[in-house]
Every structure is written in C-alpha cells, then in structure tokens.
Amino acid sequence: MTIHGISPDVLAALERVLGQSGVAADAAGMARYLGDWSGDHHGGALAVLKPASVAEVQAAVRLCGTLGLAMIPQGGNTGLVAGAIDIDTSRSAVVISLERLNKIRLVDADNLILQADAGCILQHIKDAAESQDCLFPLALGAQGSCQIGGNAASNAGGVNVLRYGMARDLIVGLEVVLPDGELWSGFSGLRKDNRGYDLKQIFIGSEGTLGIITGVEVKLFPKPGRVETAYLGLASFEAAITLFRQARRGCSDLISAFEIIGSECMELARLVDPNIVAPVTAPVHVLIELSSSAAIDLRTLLVDFLAGAMEKHLVTDAVLAESGAQAKVFWTIREGLVEGQAKRGYHVRTDLSVRISDIPTLIAQARQFVALEHPGWFPQAYGHAGDGNIHFNVLPPLDLAEPESRARGTEITAGLYDIVNALGGSISAEHGIGRTRQRVYWAGLSPVHRRLVGTLKNAIDPDGLMNPGCLFPSTETVS
Ligand SMILES: Cc1cc2nc3c(=O)[nH]c(=O)nc-3n(C[C@H](O)[C@H](O)[C@H](O)COP(=O)(O)OP(=O)(O)OC[C@H]3O[C@@H](n4cnc5c(N)ncnc54)[C@H](O)[C@@H]3O)c2cc1C
C-alpha cells in the first residue's frame, strides 16, 4: 500500500476549510479509513476529510473541485466491494468521511418519518425509531457500524427486504451535495409525490459516484409487538423453496424474514462462538420470522403451518423460539457465520440473485462447478431466500496461502458469475459494484444502457472527480 504525500499548500487549504480536527493526513490518522471491514481491501489517500456540517461538506467539495482532487465518500466502511476504498493508489484522492454528521434530525411518529444526517449509524436510527414505538426495518449484520448515507448510496438490503423492501423502498427524501458543491435538498415528508423525475432514486445505489449524501429521510412503520421465530431443518434446498411458497400463502403477509442456511455453514458460526449448537440436524436450515403490530395470534398460525409442513415431510425438524432471547440465539447463528467467514480470511464472496424458484438449481450447479473444477475448496450457501438472494461463498483449502488463493478465487468468481448469468440472474443482489466488479458489470451492459448510465454520470459529475474507479472501469470509458 502506498500513501501519497500531500503538499503543505493543499493540506493548509483543506485545514482552513475544515479545521485541523477535520483533516487527517498522517498514516496513523488515516489507517482506519483505508482498510475495509472484511480486511480484503486496502487503499491510499492524500488525506481523510471529516466535515462536521453540511456547509463544511459543501466547502470541502468546492475546494477539492478547484484543486482537481478526486473525492471518495465514505460511510461506515462496511461495504464489501471496495466502493469506499481507493485500491488504485496511483490516483490523488481524498476520502470524505461522513462520521461527524451524525445527528438524528427528526422522529415524527405521527407521520412515520425520520430524518437524519447521513453519518448516523444504522443501529442508532433503529433505536431512535424504537424509542417512539416505531420500526425502521432495514436490518443487516453490519448495522452497528454502517451509516444511513452508506445504506442509501449502496441501496442496502438485509434480512427484512422480503416484507419492507430495500433502502430504495424505504427512503422518502435525500439531501445531496453535488460535485460542484451545490446542495440539492429533496426532503418533503411526502409518501407520494409524482412530480416528474424521482431524483432521489438516481442517487440511491449510485455508490458515491454522483455526489455526497448528507441527509436521509426514511419511512417508519408501527413497531411489531408480536414476533415469532422458528429454526427449521429440511432435507434439501428444493424443500426450502417449496416451504417458502407455501408460507407466503399460509402465513399471509406476516413473514418478515426467511433465511436459508446450508448446514455446512455451522462450522463458520462456530469459529466465532465454539459453543454454538445448531437447533436442528438437517442438510438445510431455515430461519423464519413472522411479525405483526396487530393483535394476531402469530404463534398458533406458525405452529399450525409448521405442523402441516411436517405432516407432508417438507420440514423434518422445527424449534420455535420460546422467548426473545432464544430468537436472538437463532439469529446469532445467522450473523455468526458471516463473521466466521471473515475470520477464516480470504474467500470468494458473492451476493447472487436469481428467480426464487431457480435457487436450488443455482446452488446445485455452483456446488458441482466447485467440486469438479476446484476440488478442495469449500462452498457455503446461505442467504435471503425470500428475495432470491444467495451468498454462494467458497473458502480456500486451509493450506493454500495468498496470493495463490486470490488468483484461484478470481477464476472461481468468474465461473459463478457465468452460472448466474446463464440463469438470467444478477451478479449483485446487495453489495453493489464498487471497484471489484466494475469491469464485469460494464461488460454485461447493452450499448444503450451504457450510454444512459454514462450520460447521467457526465451530466452530474462532468469532471469525473466523484469516486473515480468505482462503478465505472475508468473515466475514459464514460463517453
Ligand atoms: C457483516 C456484514 C453484513 C452485511 N450484510 C449486508 C446485507 O445483508 N445487505 C446488504 O445490502 N449489505 C450488507 N453488507 C454490506 C454493507 O454493510 C452495506 O453495503 C452498507 O449499506 C454499507 O454502508 P456503509 O456506511 O458502511 O458504506 P461504505 O462501505 O462506507 O460505502 C459504501 C458505498 O457507498 C458510498 N457512500 C458511503 N457513504 C456515502 C455518502 N454519505 N454519500 C455518498 N456515497 C456514500 C461509498 O463511496 C461506497 O461506494 C454487510 C456488510 C457486513 C460487513
């Protein structure tokens, strides 16, 4: 990793705008902003800027524009595709961290709206909603670190998408500092607003390439007073998808999560906590959650549904959570396996999506591909089955060190993308494109799609200073 030196003049100019506490340019001060959560990606920067207000973001962006400095917006740095890390250290870029913009601006329980600075940690937003007996349903393993601005910029998903949708469905308004420093404020509190183009949607999922999100306005929901969770054992992924289809009808619209976990993933969860014991013994596990804010007897509904599924031998084993604490233990397994993978070190990480009915085919073909062409590697399949989203990850043999494992991992990833493309699926259901997938993403676009995406980028960021290298292979190709 190379950290390029910053000239004293540029440093002084940045400090004049942001104060000394708003700029880090030494290796120690910048270190935690230059490596991501996974430990997979490291980068460089001239400096890390930490504006403390929207006006400071505007001033910093204007100054960077004048100096010709590329800007990399950064939230909680939990993204998994190097979107907030400049892994191409030949560029002169500054990271702009939103961490000091961290105030909840408004919780309006009557209108079910919350407004927050972009740097608010997702968990703090969820807590603020809960304090007013409301729910902000975006829920993901990284919620203790990721920021709502990062969630918006990456159109985050998570475990409750099935019921409430992705960030794109949960955001009512955005406030964005554009690459020329001007502020676009799209807060309105309106659930419905059909006046022309919906500009916020252009910025949601744009991965920091069109501007810096400084504020987010989100929808709240009544807090579900009743939640029932069960951990199930099934014979196959086919059975899990049949169960999901039946649960969609049998449990009405009350399903808030339907996660599938291949039993092989238990080893990963145990890397985090060796005491974790799977509640069931079966090749495939399902974590199902029903919830409601109304006085509905969810327990009877779930028990009756599962009794029917067991009679038909669809479910071979079932454990119902007897308390919130037991439900939490079930979720610890799901979250632990993700952490366990990170502990295991470098591995192939994907977030594929296919039509829900194609999930068993995707997993079967991917497992066969790994077994035949990369024997000794360990496939792990789990994911948000209710959204057709599978994380098919592959761990290297324990005795295969980097960089050999990375080189082979690149081949495995390409093979998995071929399988998902042949099924008409997506190479990214949640994590986005970042700097790790931009070539394959770009290569898969039709000429007209490229033209539209390039036109938008050029119109909003004509100098190409906003997060170069992310989403687009390079600025020259955007023409
Ligand atoms: C344990 C774990 C579990 C995860 N689970 C899920 C999951 O279930 N679903 C899911 O979708 N993702 C998941 N992720 C990925 C990640 O947490 C999300 O993508 C999250 O939304 C990123 O938010 P962040 O604040 O960390 O953004 P960062 O990682 O800092 O940035 C992500 C991208 O957004 C841009 N960006 C960040 N903030 C701003 C801003 N204010 N303005 C403009 N651009 C900005 C960056 O430039 C970058 O391109 C998981 C990650 C981990 C580590």
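1. Let's start with helix H9: Phe237, Ala239, Ala240, Ile241, Leu243, Phe244 and Ala247 are its buried residues, buried meaning under 20% relative accessible area, with a 1.4 Å probe and protein chains only. Helices here are DSSP runs of H or I with at least four residues, and strands are E runs of at least two, numbered from the N terminus.

2. A word on what you're looking at. This is a predicted model, where local features need pLDDT of at least 70 and side-chain atom pairs count only at pLDDT 80 or more, while totals for chains, interfaces and linings use all residues. Residues are numbered from 1 along each chain as its sequence is written, and side-chain values use heavy atoms, with hydrogens and water left out.

3. The length of H9 checks out: its 14 residues (237–250) should span 20 Å at 1.5 Å a residue, and the end C-alpha atoms are 19 Å apart, which agrees. The expected span is 1.5 Å times one less than the number of residues.

4. Both ends of H9 deserve a look. At its start, a side-chain oxygen of serine 236 comes within 3.4 Å of the backbone nitrogen of glutamate 238. After the helix comes serine 252, with a positive phi near 55°.

5. On to H12, residues 324–344.

6. Just after the helix, glycine 345 has a positive phi of about 95°.

7. Now the ligand. It has 36 residues around it, with Pro73, Gly75, Gly76, Thr78 and Gly79 the closest; a residue counts as near if one of its heavy atoms lies within 4 Å. The shell splits into 14 nonpolar, 20 polar and 2 charged residues, with Gly counted as polar. H5 gives the largest share, 4 residues.

8. Some atom pairs to find by eye: a ligand oxygen sits 2.8 Å from a polar backbone atom of glutamine 147, and a ligand nitrogen is 3.0 Å from a side-chain N or O atom of glutamate 430. The protein covers 95% of the 970 Å² of accessible area that the ligand has on its own, by the Shrake-Rupley method with a 1.4 Å probe.

Methods: A polar contact is a pair of N or O atoms within 3.5 Å; within protein, one must be able to donate a hydrogen and the other to accept it, and residues adjacent in sequence count only if both atoms are side-chain atoms. Buried means under 20% relative accessible area, exposed over 50%, partly exposed in between (1.4 Å probe, protein chains only).
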